Structures are given as structure tokens and as C-alpha cells.
Amino acid sequence: MDRLRQLRRAKDAMDRDWADPELDLDAVAAHAGYSRYHFVRAFREAYGETPGRYLTHRRIERAEELLRAADLTVTEICHLVGYGSLGSFSATFKARTGLSPTDYRIAHVGRGASLIPGCYALLWAGGFPGRSAIPEKRADRTAAYRDGQEQQPSGGRGRGSGRAQP
């Protein structure tokens, strides 16, 4: 029973963090307290599939939901479900469902929940990696779009010259 509890902890971590592209076998195995090789064998024995295949199924299932219900591009969905490459996402998606992501959307759009605007789905997911979902307040009070008309603070640098302005 203790072994299943350890494996369940790792499976819970995959269920919770499935969208994280940095989620790897070593991190998941650490949740169970196993080495990566022993973890793969134990997980397959307990659940009937490898941890990698289980994680792929979770990601593709979530992508199917988003393709049916969200107004997002396939590329946005690819990144939201933890893939870094559109090509590998599309190939994996087609191998699992028999349809490309675009063909799947055409065949299944509107089934289930009503379409969710893409901006809400992105906000819910925290935006794209490396970007904050909530813009930070500008520290300076200069115009957001520089048209060359604003005043430079004293001692500031000119645009593009690399030299101090007199």
C-alpha cells in the first residue's frame, strides 16, 4: 500500500502540473521517492502505461477540450498544454485522435461548453511563459509611444545615439 501511495503522489503531481513544459521524469520520480528507471517500471506496473504516455494523454485531452471550447489558435493551445513545438504537438495529437488539431476543431467545434474567448483562456492560464498576464505599471511618466516630441529628463540619452544629449 505504501508503494501505491508514493506512485499516487507522483501521478497527482502530473495531474496538477501537466501544462508545465519543464515537467520531466526526474521531477515526477522524485515525488514518488524513486529513481527515474525504477519509477517508470513501477508506474507501468501499477497504471498500465508509462508516465510519459500518461502525461501525453493528459495534455492531449486538455487540448481537445480547448479546441472544442476556446477561441484560441492551435499554436496558443499547443503552448498552453505544455508543448514547445507546434510540429511535435500536431504529430502527437494526430497520432492520438486520428485528426490534425485543425481538422479536430472543424469536426467538433461547439460540442460541449460554449466557446470561451481566447483572452479569458489565456488569462486563466497565466498568459504565455515569460510574459506576465497582468501588465506592470510604467515606472517613468513618458509617453508609451515615442514620437520624438517628448522632453528627455535632464542628463538622459537621446534616442538611438548612445551619447548624452547636451
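The chain has 8 helices and 2 strands, assigned as DSSP runs (helices H or I, at least four residues; strands E, at least two) and numbered from the N terminus. From the N terminus, the order is α-α-α-α-β-α-α-α-β-α. The model is predicted: local features need pLDDT of at least 70, side-chain atom pairs need 80 or more, and totals for chains, interfaces and linings use all residues. Residues are numbered from 1 along each chain, and side-chain values use heavy atoms, without hydrogens or water.

Of the 166 residues, 30% are buried, meaning under 20% relative accessible area with a 1.4 Å probe, protein chains only. Among contacts (heavy atoms within 4.5 Å) between residues at least 6 apart in sequence, 55% join residues at least 24 apart.

Now take one helix pair. Two packed helices are described by the angle and the distance between their axes. The axes of α2 (residues 25-32) and α3 (residues 36-47) come within 9 Å and cross at roughly 75°. Here axes are lines fitted to C-alpha atoms over the stretch in contact, and angles run from 0 to 180 degrees between N-to-C directions. The two helices are therefore roughly perpendicular, a label for 65 to 115 degrees. Leu25, Asp26, Val28, Ala29 and Ala32 of α2 meet Arg36, Phe39 and Val40 of α3.

Which residues of α7 are buried? In this helix (residues 101-108), they are Pro101, Tyr104 and His108. They lie on the same side of α7, because they cover an arc of only 60° around the axis, taken from the directions from axis to C-beta atoms. These buried residues pack against α4 (51-69), α5 (74-80) and α6 (86-97).

Notes. Parallel < 35°, antiparallel > 145°, perpendicular 65-115°, else oblique. Buried < 20%, exposed > 50% of the residue type's maximum accessible area, 1.4 Å probe, protein only.
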